[in-house]
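This briefing goes through a protein structure topic by topic. Please keep the sequence and the 3D view open while reading.

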Amino acid sequence: MGKHESLTKVIRMAFRVLSIDGGGMRGIYTAAYLEALERSFAERRELPQGLDVGKAFHLVVGTSTGAIIGCGLAKGVSPSEMVQLYRNHGPMIFPKRMPSALNWDLITQLRKRPKYLESGNDALKGSLTQVFGKMTMRQVWDERAIALAIPAVNMSTYRPWVFKTPHDPKSDHRDDKYTLIDICLASSAAPLFRSLAAIDQPGGDSCDIFTDGGLWANNPVVVALVEALRILGDRDEEIEIFSLGSCGKPEGEVIRRDQIHRGLLEWKFGGEAAKVAIASQEFAFDMMAKFLIPHLKKPVRIVRFPSEKIPGAMLQYLDLDETRPEGLEALIRHARQDAHMTNSAIQQGTDEGCMIESVFNDMPPREA
């Protein structure tokens, strides 16, 4: 049986997709949540070596910090290793938090911010190199038979770009030689928080400049749905999409009538407008996916997890560049609590709980 038959010949109950949101340092929450669930099921199944989470999915789609986690899982990196990446390297990736008010820090960063971004970019590239080495998109597909789709934005055209493994037989192999480091830098290049990503064109002497995929697909569930439909074509398999959040904070504000004439400071020189755009499209993509499902020719189920409410005490730790030790530990602790709630849903036999239980029960053990 060929290594790619998981996508082409093996008859399965469902075509499984993992979709992972962006969220900067909140990626440590996402990784810790998966780590807790993986450990629970590994113990239940008496597999001390742990589970290969990525191998449970035919397609992995991730944006920004979700791209880093998704590429890690596709390569075979454990969630616990991803937690350590954020914990050990986060303070260097975000060496200086964004100023939050009109104060001396803001004035200082008007001049020094580019240097902080350069330092953070070097730190991120170094940490990704430790995890991914020189693995390319082509190698992920050849060695693991897992499809990847990673959103970014090409700055030369301002158009969305989705980096893909060569899982599509009609692909022109545009992205085959890009390394996982390249695409993670491109997808996570959040304006103001990180440098733009200059990615060398494979085999060429020029580069393309990318910015964060979260600007158009921070919640990449629609990208996941479209790519799954493209892969399956006329095949009648059911699609199951596991849409994994990143502990995003509740958004919105109360605005008085006399506050509608907002200027540069109120919009934080455009930063606040980007925040509104990202939050609104996250919600919109969820709704679009749900509206589309009844009109599709094949059954699709989407489970959004975890789905617990965020306690007020966590709000102070949910910024994209949160790197304080107490903040990271709070995110990890909350992730484990949410994993306990997910296990409760599994024990209660809810529809979502049954889907999550099934996918974790089907995960192969990690290779020793």
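## Salt bridges

A search of the whole structure, which is a predicted model, finds 24 salt bridges.

**Asp52 and Arg144**

- Asp52 forms a salt bridge with Arg144, and their closest N and O atoms are 2.7 Å apart.
- Asp52 lies in the loop between α2 (27-44) and β2 (59-62), while Arg144 lies in helix α6 (residues 137-144), so the pair ties together parts that are 92 residues apart in sequence.
- Asp52 is buried, because its relative accessible area is 9% and the cut-off for buried is under 20%.
- Arg144 is buried as well, with a relative accessible area of 11%.

**Asp319 and Arg97**

- Another salt bridge joins the side chains of Asp319 and Arg97, at 2.7 Å from N to O.
- Asp319 is in the loop between β8 (300-305) and α11 (325-348), and Arg97 is in the loop between α4 (79-93) and α5 (104-132), so this pair ties together parts that are 222 residues apart in sequence.
- Asp319 is partly exposed, with a relative accessible area of 29%.
- Arg97 is also partly exposed, with a value of 27%.
- Both residues belong to a network of salt bridges that links Arg97, Lys249, Asp319, Asp321, Glu322 and Arg324.

**Glu227 and Lys164**

- The side chains of Glu227 and Lys164 meet in a salt bridge, at 2.9 Å from N to O.
- This pair links distant parts of the chain: Glu227 belongs to helix α9 (residues 221-232) and Lys164 to strand β4 (residues 159-164), 63 residues apart.
- Glu227 is buried, with a relative accessible area of 3%, whereas Lys164 is partly exposed, with 23%.

## Helix packing

Two packed helices are described by the angle between their axes and the distance between the axes.

**α5 with α7**

- The axes of α5 and helix α7 (residues 180-187) come within 9 Å and cross at roughly 140 degrees.
- At that angle, α5 is oblique to α7.
- The crossing of these two helices, α5 and α7, is right-handed.
- On the α5 side, the contact is made by Asn121, Leu124, Lys125, Leu128, Thr129 and Phe132, which meet Leu180, Ile181, Cys184 and Leu185 of α7.
- Sorted by class, the residues of this contact are 7 nonpolar, 2 polar and 1 charged.

**α4 with α5**

- Helices α4 and α5 pack at an angle of about 155 degrees, and their axes are 8 Å apart.
- This angle makes α4 roughly antiparallel to α5, because the cut-off is over 145 degrees.
- The crossing of α4 and α5 is right-handed.
- From α4, the residues Leu85, His89, Met92 and Ile93 meet Ser119, Gly120, Ala123, Leu124, Ser127, Gln130 and Val131 in α5.
- The contact of α4 with α5 has 6 nonpolar and 5 polar residues, and no charged ones.

## Single residues and their contacts

**Pro364**

- Pro364 is found in the segment after α12 (351-361).
- Pro364 counts as partly exposed, at 28% relative accessibility.
- The C-alpha atoms of Pro364 and Gly54 are separated by 9.3 Å, although the two residues are 310 residues apart along the chain.
- Leaving aside neighbours within four places in sequence, Pro364 is in contact with Leu51, Asp52, Lys55 and Ala56.
- One of these, Asp52, is the salt-bridge partner of Arg144.

**His334**

- His334 is placed in helix α11.
- His334 is buried, with a relative accessible area of 4%.
- Apart from neighbours within four places in sequence, the contacts of His334 are Tyr29, Cys247, Lys309, Ile310, Pro311 and Met314.

## Backbone points

- The peptide bond from Phe305 to Pro306 is cis, with omega near -10 degrees.
- Pro306 is found in the loop between β8 and α11, and Asp319 lies in that loop too.
- Ala145 is not a glycine, yet has a positive phi of about 55 degrees.
- Ala145 sits in the loop between α6 and β3 (147-154) and is buried, with a relative accessible area of 4%.
- His173, also not a glycine, has a positive phi of about 60 degrees.
- His173 lies in the loop between β4 and α7 and is partly exposed, with a relative accessible area of 38%.

Definitions and conventions:
Residues numbered from 1 in each chain as written. Predicted model: local features only at pLDDT ≥ 70, side-chain atom pairs only at ≥ 80, totals over all residues. Heavy atoms only, no water. Salt bridge = Lys/Arg side-chain N within 4 Å of Asp/Glu carboxyl O. Helix = DSSP H or I, 4+ residues; strand = E, 2+ residues; numbered from the N terminus. Buried < 20%, exposed > 50% of the residue type's maximum accessible area, 1.4 Å probe, protein only. Axes fitted to C-alpha atoms, helices over the stretch in contact; angles between N-to-C directions. Parallel < 35°, antiparallel > 145°, perpendicular 65-115°, else oblique. Left-handed = near helix turned anticlockwise from the far one by under 90°. Contact = heavy atoms within 4.5 Å. Nonpolar A, V, L, I, M, F, W, Y, C, P; charged D, E, K, R; others polar.
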